[in-house]
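Subject: Structure for your review

Hello,

Please find the structure below.

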Amino acid sequence: MLGLKLPTDPRWVNIVEKNIEDILTDHAFCEQKAASTAISLIVSFPEYTELVQEMTALVKEEISHFKMVHDKIIDRGWTLGRDRKDEYVIQLVNFFPKGGSRTTQLVHRLLYAALIEARSCERFRLLSEALEDQELAAFYKNLMVSEANHYTMFLGFARKYGERKEVDKKWHDLLDYEAKIMADLGKSQTIHG
């Protein structure tokens, strides 16, 4: 369903198991960045009323996910660590050239967001199936469904606002590029790395 070209190596879960505090911190900041992305889309493209409505709801959902992850950190006696650069996102957003029409810029941002949500969904599925910590496994199973919904929403908006054939070509090219990025990642205790 997600269309990812390179699945995450299942051994990534072993890295997560040994670094739960780090993964929860990284996950919390991923949720905060997702909320920021939704706000940025509202600010940048206010004339797209349906998008603004959906992004407003998404901000609330993503910030509630941030709180849920932060609560898990607190419940375990930890404090939220510092944010780190997300190498995955840094590399990903270099795929499309800068500039172009407003519509082109919107479509590119929507495709990036869709792919980030798809990869998060795939990673959450792995965690839900393989973590020994059953509480966290159930937590990630619930979040996996949200990520899948976000992925389809962003991809749907890209197809709605862009020319479908062109958007689908860009999507498949982006998926190929992302697979190359993932070949060098998946070896650290981060959601995407």
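The notes start with the basis of the values, then turn to helices and charged pairs.

This is a predicted model, in which local features need pLDDT of at least 70 and side-chain atom pairs count only at pLDDT 80 or more, while totals for chains, interfaces and linings use all residues. Residues are numbered from 1 along each chain as its sequence is written, and side-chain values use heavy atoms, with hydrogens and water left out.

Helix α5 covers residues 102-130; helices here are DSSP runs of H or I, at least four residues, numbered from the N terminus.

The whole structure has 17 salt bridges, each a side-chain nitrogen of Lys or Arg within 4 Å of a carboxyl oxygen of Asp or Glu. R119 pairs in this way with E122, the closest N and O atoms being 2.9 Å apart. Both lie in α5, three residues apart. R119 also forms a salt bridge with E178, at 2.8 Å between the closest N and O atoms. Since R119 is in α5 and E178 in α7, this pair ties together parts 59 residues apart in sequence. R119 and E178 are both buried, and E122 counts as buried at 5% relative accessibility.

In α7, K169 and D173 are four residues apart, about one helical turn, and their side chains meet in a salt bridge (2.7 Å, N to O). D173 is partly exposed, at 28% relative accessibility.

Regards

Technical notes
Helices (H or I, at least four residues) and strands (E, at least two) are DSSP runs, numbered from the N terminus. The expected span of a helix is 1.5 Å times one less than its number of residues. Buried means under 20% relative accessible area, exposed over 50%, partly exposed in between (1.4 Å probe, protein chains only).
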